[in-house]
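Please keep the 3D view open while reading, and look up each element as it is named.

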Amino acid sequence: MSDAVLRAGGVDAGYGALQILFGVDLEVRQGEHVLVFGPNGAGKSTLIKALFGLVKPSAGHVTLAGRDVTGRAPEGMVAHGMAYVPQVSNVFGSMTVLENLEIGGARLSRSRREARIEEMVALFPVLGDRRKQSAGTLSGGERQMLALARALIPEPSVLLLDEPSAGVAPKIVEEIFHLVSGLRRTGVSVLMIEQNARQALPHVDRGYVLEGGAVRMTDTAASLLDNAEISKLYLGG
Amino acid sequence: MDLIAFATGLVSLALVYGLLAIGLNLQFGFAGVINFGYVAFFAAGAFASAIVTLPAPGTEAYLDASARYQIGLGLPVWSGFLAAGLAGGLLALFIGAVSARLATHYLAVATFAMAEVVRSVLGNETWLTRGEFGISNVPQPLGEVFAPESYALFYLALTAVVVGLIFAALRHLGEAPFGRLLRAIKDDELSARVLGKRTARAKLRALAIGGAVGGVAGALWTHSLGVIHVGQFVPIVTFQVWLAMLMGGTGNHWGAMLGAFVLVAIREGTRFVGEVPGLDQIAASNPSFLPSLRFVLIGLLLIAVVRFFPGGLLPERRRRAPATPGTSPASPAPARPVAPDAPALEVISLRKRFGGLAAVDNANFAIRRGSITGLIGPNGAGKSTMIDLLSGVQRPDSGTIRLAGEEITGLAPEQIADRGLGRTFQTPRLYPSMTVWENLMVAGMPQPNETLRAGFLRSGAHREAEVQAALRADTVLTELEVPHMRDELAGTLSGGQRKLLSLGRLMMRDPPVMLLDEPAAGVNRRLAGDLFDRITKLNRQGTTFLIVEHEMQLVMRYCDHVIVMHQGRVLAEGTPAEVRANADVIEAYLGGAVA
Amino acid sequence: MIFVQTLVYGLALGGVIAVSAVGLTLAYGVTRFINFAFGEFLTLGAFFCLLLAQAGLGLAWAGLAAAVAVGAVGVLVERAFYDPLMSRGLLPLLVTSVGVAFVVQNLIRIFAGSNPVRFPLPLMRPIEVGGLFIPREQLIILGVALVTMLAVHLLLRFTMLGKKMRAVADDPMLARVAGISSRRVLDATWFVSAMIGALGGILLAITQITVAPQMGWHFLLVVFAAVLLGGIGSPYGAMIGGLLIGLAMELGATYVAANYSYAFAFIMLILVLILRPRGLMGGSG
């Protein structure tokens, strides 16, 4: 499809001799929100790292808006419009909230950066109240918001989220999925991996089932939720 | 004749540097202590031996030499050597005791600094050392017996004997359980502690022996020169010893000795630079040229060796396991005295915060003796922190932990391990530079056999302990169905094999309670099943298990009790079926939209 | 009276130490190892400044030019020697930095000789305050030190480069993920670190009145003491540590034993490390 923002074709990846991914194909279309889920050890984290250049694919290719970016370093990926929010330690704890956002906009001009920070504060008002506060003192939910905002500042075309619900309270989990869902109006495409698939699926457009380092199937979120077998195997009942 | 004297001098010097290098090798190559102040032991030994053996002021010898120093005890040379070893060892104990709590960086800098303090004291306390002037009457043992021409040869022989004896003793020690423990500590100290090893004590001993060896080297050197002054003990001596050790290969005393010979050859080779046409004029006109060039060369060598020959000339070899005599008897199950009704493990109001995050927040549970209890919960629920708290790797902020009715809150990991709790890590922490067999042997060796004394004097009882441990290691390897991996380096194993070996190390100790952190993660399904069958078997023999596991099918099949953690609290517990049916659990963990 | 004078000397020496310590700790923040060749940046700074001053440049300009030149040397050293070892753990880096120190120090010795050379400082009349004579040099040192520390503070808090440096020091992985080119930040940090080291070396030359090839290597220990005292990687800790060590050295030399001023630095350091193994600002545990 021509409107794919991010596309992976036949990606193999792993750590040294240990191969984790075996020929993964997937794509994220313009403005689409996609969930990758599957059992623990299926290779979800490795996949997201391979897409973002944190792990070099040993075969296959990754294209971003039609441009081949396979094996580029993360800072190059950011320059080409990809953004990534790691699962843990995703804020600079020794710096203030405002400084974290400024780091996100380090490549922008000063005026553009300031404008984007204001837009993010409008999107996540909590952050506005805590500008001068050290990021290390934020709660789990606030940290996730700051991490999201930091990643969004350079206006990426696709945002990769690594288990945004990990380690946050159940109430906040729902809130975070809503927040991600709400990013649709900014037009950013989202690829998210989640262990908490049943809760995340209703918020996305499409899902990929990853198992044993390969894509088992893909379908719309609604169909996946309705699929009894998928539900039994991967959604815990 | 000149050439012979020159050569004997060089070989003596190389032997002295070799002695320093093996002393440092015991500290770093074995125990992993980064000591950037090694010259201090050399200096302490040299001055101790000199002062002990100098003729007392006022004696005939003193007056004959028109000496100026104020203190000399006039004792025989052998007592000087003893004093030197003692001085080096005691200084090392002091430095070790002060810096024991310091992390690597601080240790490197603190030792470096302490050596400078020692030098500053020796330089300033002129009543003892005559400072920069030094003392030029250091007695030469049997100096009156030999003619000056043959004395160098005699002293070389003496040096060779002393160095040879110490070399043999240290090699012996390095291959003993004590040496094995040191190498384990170097690879992963925490992992040794959770196996009940007294690592701080072992490191301090290695430091002290290394210090004593440095002291004796100082004595050998100063008596051969006959002159001692503070300027001989500058930091570059330390780094030349480092260079010798790194060039030769760390962890290997033969390598360290070889490195010392290469070092001396290169260093003395620079003497001839002054005769190279072209350079000779520079050398003649610039008095700084030759000595500076030598240090430039040493600096470049340090850089090059580290960068291009990280293993050195003689890299540490893989130690193959000796053949085990006879077939292994079924090892007797250890006696397990426990308070009759106490749970195997009990957690009361346990809390642990990291910065703003409550990792464990008022957790309460008890584990029935003889059970296999599963600990589950979403990522970040506090499961691994819980294992860390139970095994003493982290200290709880508040709350109580009881092991078989006995409180263990706040104890060190090795103390908890001794009370009968064993654990594995989510990412296995093995000793990667040691073989599978050695990994097991370290784990299975009882503490009394790992002492220094046991290392030097291997009595029948100690040999017997080694044989017993070796038999047990064979049994464990057979039970895990990996006897062929015996001599593989642990660092080369696959993820699944590492998990197996982690369990194997615990089986060597056979503690009544085992905590396993994701034993099946990254292990293929068939192997994971086997692993859990193994666990079930151990459980039938009386071991209680607490297992963190993600794979729900395994938990449901093998655990008889399940604890669900969420947000640092215990969300639910019960039989697998009960937990599975619990609405809170489904919502928080299994991800079900219950409504 | 003596006490106040000692205090002034102590503060000036403390300023020299603090400036040097800030330089060392900045590089530690992004590369995570203690650079044993840092003392050579001090020595090079002093010698470059001496050469430029002898060539007729005013002392202030000579100092600035020397600092910039040493900054460039710092980047070269980092790229040529340390960067290839970054993935190999601590010991290779530490040992390599010792090797670099020997090479640089002895190259200087080949060109400049082993003997100390007088630093060309114009004669200045001390300032008299209420019967006290305070040498102008000490005030200049203190002034330059304070301005340098203020500049570092402004750099870290208010410039994008400084924020990037702090981000890389805080979490190098996350910094990459956020799109910061760690290579450029590393270069910039080493430049600044070596440049500040050179300034420290020039100030040290003024306090000692001479320059010598071993000056930086000898002073290194005192700088380490300050850095550890403040907690490695904390620039503000290094400033405080430096001032405290300087005061301890001068007070100790005046009131306890003149020969042991270096030893006082370490005794203080060891006491603090026993009480707080990670230094004053290094957080607990």
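## A sheet and its helix in chain A

In this predicted model, 4 strands of chain A form an open sheet in the order 2-1-4-5, and their pairing is antiparallel. Strand 2 (18-29) and strand 5 (67-68) of chain A stand at the edges with a single partner strand each, so one side of each is left without a neighbour in the sheet. Helix 1 (residues 44-52) of chain A packs on this sheet, where it touches strand 1 (4-15), strand 2 and strand 4 of chain A, and its direction makes about 115 degrees with that of strand 1 of chain A. Strand 4 (residues 59-64) of chain A is joined to strand 5 of chain A by 2 bridges, and the two run antiparallel. Within this pair, Thr63(A) stands opposite Asp68(A), which belongs to strand 5 of chain A.

## Where chain A meets chain C

Chain A places 20 residues in contact with 14 residues of chain C. On the side of chain A that touches chain C, the elements that give two or more residues are helix 2 (74-79) and helix 3 (97-104) of chain A. Sorted by class, that side of chain A has 10 nonpolar, 5 polar and 5 charged residues.

How do the axes of helix 3 of chain A and helix 6 (residues 160-170) of chain C cross, and within what distance do they come? The two axes come within 10 Å and cross at roughly 100 degrees, which makes helix 3 of chain A roughly perpendicular to helix 6 of chain C. Helix 3 of chain A makes this contact through Glu99(A), Glu102(A) and Ile103(A), while helix 6 of chain C contributes Lys163(C), Lys164(C) and Ala167(C). By class, the contact between these helices has 2 nonpolar, no polar and 4 charged residues.

Chain B has 24 helices and 10 strands, and its C-alpha atoms fill a box of roughly 100 × 55 × 55 Å along the principal axes. Of the 595 residues of chain B, 52% count as buried. Among the contacts in chain B between residues at least 6 apart in sequence, 76% join residues at least 24 apart.

From chain C, 36 residues are in contact with 32 residues of chain B. Helix 4 (90-112), helix 9 and helix 11 of chain C are the elements that give two or more residues to the side of chain C that touches chain B, and helix 4 of chain C gives the most, with 15 residues. By class, this side of chain C has 29 nonpolar, 6 polar and 1 charged residues.

In helix 11 of chain C, the buried residues include Tyr262(C), Phe264(C), Phe266(C), Met268(C) and Leu273(C). What covers the buried residues of helix 11 of chain C includes helix 5 (104-124) of chain B, together with helix 9 (215-230) and helix 10 (235-255) of chain C. Helix 5 of chain B is itself mostly covered, with 16 of its 21 residues buried.

Notes
Residues are numbered from 1 along each chain as its sequence is written. Chains are lettered from A and ligands numbered from 1 in the order in which they are written. This is a predicted model: local features need pLDDT of at least 70, side-chain atom pairs count only at pLDDT 80 or more; totals for chains, interfaces and linings use all residues. Two residues are in contact if their C-beta atoms, placed from the backbone, lie within 7 Å. Ala, Val, Leu, Ile, Met, Phe, Trp, Tyr, Cys and Pro count as nonpolar, Asp, Glu, Lys and Arg as charged, and the others, Gly among them, as polar. A residue is buried if 20 or more other C-beta atoms lie within 10 Å of its own, exposed if 12 or fewer, and partly exposed in between; C-beta atoms are placed from the backbone. Two strands pair if DSSP finds at least two bridges between them. Axes are lines fitted to C-alpha atoms, for helices over the stretch in contact, and angles run from 0 to 180 degrees between N-to-C directions. Angles under 35 degrees count as roughly parallel, over 145 as roughly antiparallel, 65 to 115 as roughly perpendicular and the rest as oblique.
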